[in-house]
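Trainee: Could you take me through this structure slowly, so that I learn what stands behind each word used to describe it?

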Amino acid sequence: MNPTLAVGLEGAAKIAFVWAVVLGAVLPNLIWLERRMAGLIQDRPGPNRVGPFGLFQAVADILKLFMKEDVVPMYVDRLLYGIAPLILLVPSMTTFAVIPFGSTIHLFGRDYSLVVADVNIGILYVFALSSIGVYGLVLAGWASNNKFALLGGLRSSAQVISYELAMGIAAVAVFLPAGSLRLTKVVEYQASGTFLGFLPLWNCFPQIVGCVIFVVSAFAETNRVPFDLPEAEAELVAGYHTEFSAFRFGMFFMAEYLNLIAASAMMATLYFGGWSLPGLHLTGLVGSVVSIAVFAAKTGAFIFLFIWVRWTLPRFRFDQLMSLGWKVFLPLSLLNLVFTGALVLWGVI
Amino acid sequence: MPAWSGELVVFGFASALALVFALLMVVVKTPVRSVLSLIATFFGLSVLAILLAAPFIAALQIFVYAGAILVLFLFVIMLLNLREEAAEKDDRPVQRTLGLLVALALGGLLAGATLRAPVPPRGVPTRASIPVPDEIPALGRLLFSDYLFAFEVLSLILLVAAVGALLLSKRRFE
C-alpha cells in the first residue's frame, strides 16, 4: 500500500476509535453517573425511570436539548454568540489526540502505537489547546451583552490563567525525570522501574506536591465545584452561559464533560503511570487490550473523584480562589520543581 | 518536488489565513473582533512553523501569545467595556503621511531582502526530510550556554517591567 495512504488510514482509524469511545460510551454514561452519584450522596434515588437503572437518562437529556427552542436574545453580538460554544468545544475534542491510551497493538503483521499523534511537544499541545478553550467562555460572556454573563466570562479567564501557571510548572517537573515532553516517553519512564525499591516509579510518589497541585488546579481549569465561580448560580445566575439555550447550551455542557474526561486522562498519564501497571507484563493482543483497560480504569477513578468532590464540597469565594492560586500553589509548584531537579541530579529517580 | 503537493496546499491555506486576518485586525472597528483576528493570524503562523518542522515554536505561539497575552488584551477591553472605536476627531495629516512612508520603507526593505536571498537549488527538500528527534533539548542547551547572557538580561527586563507596573498601580491606589 501507498505509505502516505497507510499513515492516513492508521490515523483515521485511531481518531475514529478514540472519538467513538469518548463521545459514544464515556460521555453519556458520565452524565448518568453524575446524576446517580448526586442522588446517592444526597440520599435520594436519582434518575431511575428511563431504561434499566435509568441508564438511558443521558439519551433523554441529549434529545431534550436537541428538541428545545433555540432562543437568541435581541442585543447579542450574533457572530461571536454563534461561535463561542464551538471555540470551547473544538479544543476539548482534540485534546485526546496526544494522550497514549494503551501500549502497542500488533495487527495485520505490524505494530501500531496506541496514541493518535505521538508529537514531541506532548503536553504543550494540551496546554495550548486548553488555553484556547478559555476564549469560548470569555466570548460567550461578552457576546451575551449581559452583566452576569460578562462577569462570569471575566472570572473564568482570570481563574484559568492563574491556575494554568501553577499547573504548567507542576507539569514541568514531570518531564525532568522522563527527559522528554512526549507523553509516551513519560508513561514508558514510569513503567520502567521502582521508587525507593518498593513503590512503582509513578510520578505521584516522588512528586506528591506537584500531583496535588495538578489535581486541584484541574478542578479550577475545568470550572468544577469547588472552583465553579464562572457559573456561580447564587451570584451570577448561570455565569457565561446564562443567555444560551437548547443545543448551544448543550455544547457548553458537552465541552465541560469532555474537559473533565481529558483532565482525568492527563492525571492518569502524568502521575499514575498511564496504561502501565507494575508487575503486569502481558504481550500480544491480550496485553494491548489489558493496557487499554488499565488506562480506562485509572481515568475512570479520577472521573469518579471529580464527581465525588462536586457533590461534597461547597464553593470557594473568588478572592480565596485567587489567593490560593497565586500565594500557595505557585510558590509550592516552584519548590516542587527544584526538589524534583535535585532528586534527578542525585540519581534518586 | 512536485509542483502540487499537500505541503503546498497547507502552506497556501495557512498564509492566506494569516494575511487575511492580519488585515482584518487593522480594519475591523470593534476592539474585541480585532483581538480575535489577531488570534486567527497566530494560528496561521503556528501552522507555518509546523511546516518548517518546528512544532515547539508552533505550540509556544499558541500557548503564550494566543493563550496568555491576548487573553489579557481581551480582559482589559472587556473591563473598559470598549464596544466601538472612537471616531477620529481630526484626520492627522502629518502622522498619516509619516505612517505611509515608514510602511513603504519597511515593505521595500523586506521585498529587497527576499529577492536577494539565495534561492535553494532544485531537488533539495525545503524542509528537513529527516524528522528532528527532539528539538527541545537542543534549544534548551543553546539557551543556557551560548545565549545565557541575553536570556538572563531578557528575564531581568521582564521582571523590572512587572515590578514597575505593580509600583505604578499601588501609588494610584494610595
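Mentor: Let us begin with α5(A) and helix α11 (residues 318–345) of chain A, which pack at an angle of about 10 degrees with their axes 8 Å apart; such axes are lines fitted to C-alpha atoms, for helices over the stretch in contact, and the angles run from 0 to 180 degrees between N-to-C directions. This is a predicted model, in which local features need pLDDT of at least 70 and side-chain atom pairs count only at pLDDT 80 or more, while totals for chains, interfaces and linings use all residues. Residues are numbered from 1 along each chain as its sequence is written, and chains are lettered from A and ligands numbered from 1 in the order in which they are written.

Trainee: What makes α5(A) and α11(A) roughly parallel to each other?

Mentor: Angles under 35 degrees count as roughly parallel, over 145 as roughly antiparallel, 65 to 115 as roughly perpendicular and the rest as oblique. The angle here is about 10 degrees, and α5(A) and α11(A) are therefore called roughly parallel. The residues of their contact divide into 18 nonpolar, 7 polar and 1 charged, where Ala, Val, Leu, Ile, Met, Phe, Trp, Tyr, Cys and Pro count as nonpolar, Asp, Glu, Lys and Arg as charged, and the others, Gly among them, as polar.

Trainee: Why does A:N223 count as buried, and why does A:D43 count as exposed?

Mentor: A residue is buried if 20 or more other C-beta atoms, placed from the backbone, lie within 10 Å of its own, exposed if 12 or fewer, and partly exposed in between. A:N223 has 23 C-beta neighbours inside 10 Å and therefore counts as buried, whereas A:D43 has 6 C-beta neighbours inside 10 Å and so counts as exposed. A:N223 is found in the loop between α7 (208–221) and α8 (233–236) of chain A, and A:D43 lies in the loop between α1 (3–41) and α2 (57–67) of chain A. A:N223 has a positive phi of about 55 degrees although it is not a glycine, and phi of A:D43 is near 60 degrees, also a positive value in a residue other than glycine.

Trainee: How do you know that the radius of gyration of chain A agrees with that of a compact globule?

Mentor: The radius of gyration is taken over C-alpha atoms, and the globule rule is 2.2 Å times the number of residues to the power 0.38. With 349 residues, a compact globule would have a value near 20 Å, and chain A has 21 Å, so the two agree. Of the 349 residues of chain A, 46% count as buried, while buried residues make up 11% of the 174 residues in chain B.

Trainee: What makes two residues count as being in contact, and how many residues of chain A are in contact with chain B?

Mentor: Two residues are in contact if their C-beta atoms, placed from the backbone, lie within 7 Å. By that rule, 18 residues of chain A are in contact with 15 residues of chain B. α4(A) gives the most to the side of chain A that touches chain B, with 9 residues, and by class this side has 14 nonpolar, 4 polar and no charged residues. A:Y125 touches A:V98, A:V119 and B:A59, not counting residues up to four places away in sequence.

Methods. Helix = DSSP H or I, 4+ residues; strand = E, 2+ residues; numbered from the N terminus.
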